[in-house]
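Please keep the coordinates open while reading.

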Amino acid sequence: MADQGHRDSTNDEREPLLHRNSLVDGGEGGDGRQLLSFSSEDSANPRQWPRHKKLLNVAVIAAMSILSPLASSMFTPGIEQIAESLSTSSETVIGCTTGFVIMLGLGPIFLAPLSETFGRRKLYLVCFTVFALLQIPSALAPNIETLIAMRTLSGFFGSVGIANGGGTISDMFEPSSRAGIFGWYLLGPLLGPTLGPLLGGIIVQRLGWRWIFWTLTIVCFVNTAAGFVFLRETYAPVILEMRRDRLQKEQPSPEGYRVEGEDESPLKSRVVRSLTRPMRILAQPIVLTMSAYQALLFGTTYSIYTNMQPIYQGEYGFDTEQVGLLYLGPGIGFLFAVWFLVPRIDTVYNRLTKQNDGKSKPEYRLPLANIGAVFIPISLFWFAWTVQLHTHWIASIASTFFYGIGQVMIMNTCQNYYIDSFEKYAASAIAAGAVFRSILGGAVPLFAPALFDKLGYGWGISVFAFLSLAISPAPLVFFYYGQRIRERFAIELS
């Protein structure tokens, strides 16, 4: 079963990457075609690539993954300026974030499984080229309707880095060393929304809001060009299919060749099956619960980020640039967690595996999630009431440092859990988790201003704190009972 794949290193979900035979006959009475798979020392196997080659691929993908979330929040310091320029309300302009962030979640449902059919590289290059092009009409938008439409489309195509990044890292790195690398990659989706307002505040104040999108156009095209030059295909079945096609031309065989684990059903059937895969994974109780946890975090984050301007301009008298600098609070928390805590996810995982006679479990990724489970509600209550009581601004921003740490630990442990549970279909598993996350992250900020107006910042933000407190036992529960739940709700994905 797909979600038990990490328990046995010979499980069929890992075979495309770890099979020992490079050329095997189909067997007497069986398929006479020669079987293509990776040998243990095959240099074409992404897990055997030199480390610098792996990290170059990670760097390009991480840049893609930081640019789309960056674009999701970069314009927030200019909400008032955009509203005035396009003769609309600030609430309507927030709809630009809603459409973009929702599509960041819906995009992976399509793009992740398609990468498991057509390969990672093609999806990255096509989608990010379109994403870069869509920044141009955003910069030239004559009205709010055009801006919202372009932003919504941008969110779909920009989601490709988020959709497939985890799958690409799973393609290249063994589980024992994956979490540390994944932590740096995941900084993109987390740090992007934090750096966006900081950079956007500077651009809006000095150049005007349209230059936000001209800047994104330039940076996105540079990153896309780097992808065309440096990015390599990492998905093992697709690499083996390319090897088969080359052999059929260079060394024709009467029997022909077949690829290990290849789905030979018609293309239409494969595409339909792959597109339904994320939702089948989402139905698994652990994935559903931890996805809801991530969704709560994103909804909370975007609700606070889109209201930083009224909080700190209205309550503390900051200008646009100064408000942008305040986002460094959670940003420094992200960096602290990735540098000092995320590598310990692998340490704990390897230690627990050793204690279990060398048999690993996806649940061994979850213990450090409890750091986030504690920090998030505490930091939210802290932020809520220091703002409400109008204490010195440093008191409220200090809380966002711990919120940033908590967010990184929940996100990293969850994503690594998904990858270990559904290794061959890691991209689809992460896409399943992204659905809730981005839909709530996009929709909740629309209602946050009314919530804060009615309850005030103290009780309004405390609503999010109470919700995070209610779901905080989930990592501990799944650490002890996760295997039993996975076995009871096993999913067939092939």
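At what angle do helix α5 and helix α9 pack, and how far apart are their axes? In this predicted model, helix α5, spanning residues 120–139, packs against helix α9, spanning residues 210–230, at an angle of about 160°, and their axes lie 8 Å apart. A second pair, helix α4 (residues 90–118) with helix α7 (residues 160–172), packs at an angle of about 45°, with axes 7 Å apart.

**Helices α5 and α9**

- Because an angle over 145 degrees counts as roughly antiparallel, α5 and α9 are described as roughly antiparallel to each other.
- The crossing that α5 makes with α9 is left-handed.
- On the α5 side, the contact is formed by R121, L125, F128, T129, F131, A132, L133, Q135, I136, S138 and A139, which meet R210, F213, W214, L216, T217, C220, F221, N223, T224, G227 and F228 of α9.
- Sorted by class, this contact between α5 and α9 comprises 13 nonpolar, 7 polar and 2 charged residues.

**Helices α4 and α7**

- The angle of about 45° between α4 and α7 means that these two helices are oblique to each other.
- The crossing of α4 with α7 is right-handed.
- From α4, the residues L104, P108, L111, A112 and S115 take part in the contact, and they meet V160, I162, A163 and N164 of α7.
- Sorted by class, the contact of α4 with α7 holds 7 nonpolar and 2 polar residues, with no charged residues.

Notes. Residues are numbered from 1 along each chain as its sequence is written. This is a predicted model: local features need pLDDT of at least 70, side-chain atom pairs count only at pLDDT 80 or more; totals for chains, interfaces and linings use all residues. Side-chain values use heavy atoms; hydrogens and water are left out. Axes are lines fitted to C-alpha atoms, for helices over the stretch in contact, and angles run from 0 to 180 degrees between N-to-C directions. Helices (H or I, at least four residues) and strands (E, at least two) are DSSP runs, numbered from the N terminus. Angles under 35 degrees count as roughly parallel, over 145 as roughly antiparallel, 65 to 115 as roughly perpendicular and the rest as oblique. A crossing is left-handed if the near helix is turned anticlockwise from the far one by less than a right angle, and right-handed if clockwise. Contact means heavy atoms within 4.5 Å. Ala, Val, Leu, Ile, Met, Phe, Trp, Tyr, Cys and Pro count as nonpolar, Asp, Glu, Lys and Arg as charged, and the others, Gly among them, as polar.
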